[in-house]
Amino acid sequence: MATVNGSIVLIALPEIFRGIDINPLSPGNTSYLLWMMMGFLVVTAVLVVTFGRLGDMYGRVRMYNLGFAIFTVSSILLAVTWMHGTAAALWLIGWRIVQGVGGAFLFANSTAILTDAFPARQRGLALGINVVAGISGTFLGLLLGGLLAPISWHCVFLVSVPFGVLGTFWAYTSLQDSGVRRRTTMDWWGNITFAVGLIALLVGITYGIQPYGGHTMGWTNPWVLAAVIGGVVTLVVFTIIESTVVEPLFHLSLFRIRSFSAGNVANLLASLGRGGLQFVLLIWLQGIWLPQHGYSFTDTPLWAGIYLVPLTVGFLVAAPIAGVLSDRFGARMFTVGGLAIVIVSFALFMSIPVNFSYPVFALILLVNGVGTGLFSSPNRADVMNGLPANTRGVGAGMAATFQNAAFVLSIGLSFTLIVIGLSRSLPSTMLNGLVDQGVPASTAQAASALPPIGVLFSAFLGYNPMEQILGPQTLSALPDSGAYVTGRAFFPNLISGPFSDGLVAAFVFSITMLLIALVASFMAGPGRRAQPGLDDAEMAGVHPQDSDAGAGLIPARRSQNTAASGHSR
């Protein structure tokens, strides 16, 4: 439900903004567009560690159920939005942030609940199914958004409500908490400095991709620089605090466990490398390829979701298989091999033209999905297998924080690199293209000064901005009254060359991050193989593997009732 809601909004953004009577491409409204996309991810990234810690202290199932309830209530309030204009945009962004709070409860505790409930010999499969559910939800959201948004944008949020109500009731009545609880004091200074530092950093990156003054992007904006630098400094202070307090939010001692530290580094860099892929592919399909092949801009969201199905299929096939086999043979061959396959797929994306042949594109999508599936499940299981039982909540929260923060960073960096590529050749390309169509040179010169981020958002939303840029007076003076310039072919053909430059820059960055992640996956070790007779010891917090690394970590203490519930599984 949470991942469906994350992607369904991406596809439905044009209908949402039309429904509330806001033009997202107007300079003053760009921030609304960004926060509708990024607000959920930022809040989730900030809160998952804290909520994982609360799960360790008060019960993971209890926190998980609370997440379902919060998510459902916020979905209802999003669906019943009755306002228009700025008030509606702020209402939607506010409740999307509350949705992120509910999502953080779900993300922080679901992995720990599954790790508690399954023995090591089945854990790779169990976590693999969980990863499949999350990632497939992301792509299912693209299809649902394309189907529901044209009917009514309210349905985009309403679709979560019945699942949320059912999930809240089902989780409350069916889930049994078999985890180890550990009542401790909350590390408030750690929570505050972590939240302030990460929010400042992510908000700075979010605003860094917007134009500032005469610059195409906002990286020279003093407020952006202050947010990014201040966020980094605050996070450094946070690590100092965590090394001195008795009960830290981040158990830095967990990083002495090789599988946990190296596995998280690999996941962080892999997420940084491939987190922006969905946005890049949506821009590519919605803004360029689909219009070039006869699809109207109103239909491109749905067809973009459909044409991305091979990516989902590859992941759905590979992730469970990799989870099962990693339980038997260890994780390393799958994590390293999966990342190698993803790197090959990114290189193939770079090698094909912007106006590609779809069967080739679909095959590359399938390869990318297979590689991602081979990496994700074994990596998650390997990270969790190395943790003592009473730190699984905070450990899962830390892993989710790295992944979610990396996704936000990846989106910002992907936009930045594509904009840099666009800015090199877009102005001259747009000037020449408009003059060739009979647009007066002075008007074409003004239009070519359009910030590249505006062009990128137009492509992402499936808009043709020419009508808005040129205006009715200029269009009416053209030989065909502007029919070709405002049609489905001119704008995609115009930006395809500059977009190709940005695409190469984004993929080169992704490949670099993935190569480093591959090395980290290799250094994580062969991964834990299931061994008969270890499950009971494991439930007591004893880990035969990495026993030297785990020495000195928090001991697992269990009450008789908790122990009984654990063995009753």
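**Close-up views of a predicted model**

View 1. In H18, the buried residues are Pro452, Ile453, Gly454, Val455, Leu456, Phe457, Ser458, Ala459, Phe460 and Leu461. Here buried means under 20% relative accessible area, exposed means over 50%, and partly exposed is in between (1.4 Å probe, protein chains only). Helix H18 spans residues 452-461 and is mostly covered, with ten of its ten residues buried. Helices (H or I, at least four residues) are DSSP runs, numbered from the N terminus. The cover over the buried residues of H18 includes helix H1 (2-19), helix H2 (30-58), H11, helix H16 (392-436) and H20.

A word on the model: it is predicted, so local features need pLDDT of at least 70 and side-chain atom pairs count only at pLDDT 80 or more, while totals for chains, interfaces and linings use all residues. Residues are numbered from 1 along each chain as its sequence is written, and side-chain values use heavy atoms, leaving out hydrogens and water.

**View 2. Helix H10 beside helix H20.** The axes of H10 (residues 258-274) and H20 (residues 490-523) come within 8 Å and cross at roughly 165°. Axes are lines fitted to C-alpha atoms, for helices over the stretch in contact, with angles from 0 to 180 degrees between N-to-C directions. H10 and H20 are therefore roughly antiparallel to each other (an angle over 145 degrees). Contact means heavy atoms within 4.5 Å; among the residues that meet are Ala262, Val265 and Leu269 in H10 and Phe509, Met513 and Ile516 in H20. The residues of this contact divide into 13 nonpolar, three polar and one charged. Ala, Val, Leu, Ile, Met, Phe, Trp, Tyr, Cys and Pro count as nonpolar, Asp, Glu, Lys and Arg as charged, and the others, Gly among them, as polar.

**View 3. Aromatic rings together.** The structure holds 28 aromatic pairs. Rings of Phe, Tyr and Trp (its six-membered ring) pair if their centres lie within 6.5 Å; planes under 30 degrees apart count as stacked, over 60 as edge-to-face and the rest as tilted. Trp289 and Tyr307 form an edge-to-face pair, 5.5 Å centre to centre with 80° between the planes. Trp289 lies in helix H11 (residues 277-292) and Tyr307 in helix H12 (residues 300-307), so the pair ties together parts that are 18 residues apart in sequence. Both Trp289 and Tyr307 are buried. The ring centres of Tyr295 and Trp303 are 5.4 Å apart and their planes are at 50°, so this pair is tilted. Tyr295 is buried, at 19% relative accessible area, whereas Trp303 is partly exposed, at 31%.

Technical notes
Helices (H or I, at least four residues) and strands (E, at least two) are DSSP runs, numbered from the N terminus. Angles under 35 degrees count as roughly parallel, over 145 as roughly antiparallel, 65 to 115 as roughly perpendicular and the rest as oblique.
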